[in-house]
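Trainee: I am new to this structure. Please take me through the salt bridges closely, and tell me what else to look at around them.

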Amino acid sequence: MSVRTYNHSVLIGNWNEDICLEEDKLKDFLDKKERGELLIQKASNLLGNILKKVDLSISHDGFLHFGDVVCLYNPAHQVLLSANMSEAKMQDAKCLSGPCELSASKSLQPCVRNTFIILSPDANQEGQVLRYGQPFILSTLPGVGGELKVHSDRVSFNRAAKKSRKQEVNLTENTSFTAHWNFLCFNPQERLESDGMPVPANQRILVNHCKTNQHLACMPEFSSRTPFGREFEVASHTFFDSHRAEKPVNHWVVLTRMVEDAAEQYEVEKEQMMKPSQNLETFDEPPQGGATYATQPDNPAQTNGS
């Protein structure tokens, strides 16, 4: 195969065809750029969409309910459970698609990638209070979120976390028993008494996998580079201390918006809407060319004559 060693100023060989070919390539590039079909544009669009701010559900009674939009926060390392889609998939996908990895991100702003919906495996439980030991499904948001389910299964030779080799946790479209989880009281001395009680929001709990009986864990000793920065690995494994109590890596807080925060935000937005515009034009004198109005005397008696 011959290699072109001359530029276009040297008319040699199929010089006209080479010029037309490069012009066609440039035209195709510009057309794809206008339509937003370049790979870098697709990746940046998806990246911007999954980082959009999301409003969490408001906890009116202080408990969690089916259908709530929440975030899972690990207070020991101050991270949020987040979807971690590879760059190769982001170039072609328009939304989160499975299988998709999960990681623990230092970004604490609620957005599409770190916000989940608590769903019930059974129908007709929307809005009901979630209780300790009751199975549920964690799903990403519809639309850009892809409605993927947090899934886990037993460790095998081909299926395990990349670095820790613990039980893998990822996002898939599977809604089987491997996607069922339940909340447990983080205090082992109160776990038996709290079974069946409503799960409080914004308090420490354990996220337990129903099939394997392993707890969701954040593993800061295993980190990796992602399109969103360096993040920690997430696995399903129970870590015990010397007293047979779960370590802080297994402790999670289900974040919701409190009523006070929502009311304060509503008042701020209301004040901004009621605030007069700063761009209103004021006149010290009547505008030029405007309508003229008859002036009335200060003393009404002057109109009747003296």
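Mentor: Start with the part to set aside. Over residues 289-306, pLDDT stays under 50. The model gives that stretch 2 contacts beyond four places in sequence. This is a predicted model, so such scores matter. Where pLDDT is low, the coordinates should not be read in detail. The protein chain as a whole averages a pLDDT of 83, and 80% of its residues score at least 70.

Now the salt bridges. The structure holds 5 of them. Opposite charges on side chains can pair when the charged atoms come close.

Begin with Asp153. Its side chain meets that of Arg159 in a salt bridge, at 3.9 Å from N to O. Asp153 also forms a salt bridge with Lys211, where the closest N and O atoms are 2.9 Å apart. Asp153 sits in the loop between β7 and β8, while Lys211 sits in the loop between β10 (204-209) and β11 (216-226). The pair therefore ties together parts that are 58 residues apart in sequence. Taken together, Asp153, Arg159 and Lys211 are linked in a network of salt bridges.

How covered are these three? Asp153 has a relative accessible area of 15%, so it counts as buried, the cut-off being under 20%. Arg159 is partly exposed, at 33%. Lys211 is partly exposed as well, also at 33%.

Next, look at Lys162. It pairs with Glu101 in a salt bridge, with 2.7 Å between the closest N and O atoms. Lys162 lies in the loop between β7 (149-152) and β8 (167-172), and Glu101 lies in strand β4 (residues 100-105). This pair ties together parts that are 61 residues apart in sequence. Lys162 is exposed, with 62% relative accessible area. Glu101 is partly exposed, at 33%.

Now move to Ser236. It is in strand β12 (residues 229-236). At 1% relative accessibility, Ser236 is buried. Its side chain reaches the backbone oxygen of Gln214 at 3.5 Å. Beyond its neighbours within four places in sequence, Ser236 contacts several residues, including Ser152, Gln167, His209, Thr212 and Gln214. Val169, Trp181, His215 and Leu216 are also among its contacts.

Thr115 is placed in the loop between β4 and β5 (116-119). A polar atom of its side chain lies 2.4 Å from the backbone oxygen of Cys111. The side chain of Thr115 also makes a polar contact with the side chain of Asn114, at 3.4 Å. Leaving aside neighbours within four places in sequence, Thr115 touches residues including Val54, Leu56, Val69, Val70 and Cys71. Pro110, Ser139, Thr140 and Leu141 are among its contacts too.

Finish on the surface. Leu26, Phe29 and Leu30 form a nonpolar patch there. Together they have about 280 Å² of accessible area. Leu26 itself is in helix α1 (residues 15-35).

Go back to the Asp153 network when you look again. It links Asp153 with Arg159 and Lys211. Then check Lys162 and Glu101, the pair at 2.7 Å.

Definitions and conventions
Residues numbered from 1 in each chain as written. Heavy atoms only, no water. Patch = residues over 30% accessible without salt bridge, like charges linked within 9 Å, V, L, I, M, F, W, Y side chains within 5 Å. Areas by Shrake-Rupley, 256 points an atom, 1.4 Å probe, with all protein chains shown as cover. Salt bridge = Lys/Arg side-chain N within 4 Å of Asp/Glu carboxyl O. Helix = DSSP H or I, 4+ residues; strand = E, 2+ residues; numbered from the N terminus. Buried < 20%, exposed > 50% of the residue type's maximum accessible area, 1.4 Å probe, protein only. Polar contact = N/O pair within 3.5 Å; in protein donor to acceptor, adjacent residues only side chain to side chain. Contact = heavy atoms within 4.5 Å. pLDDT = per-residue confidence, 0-100.
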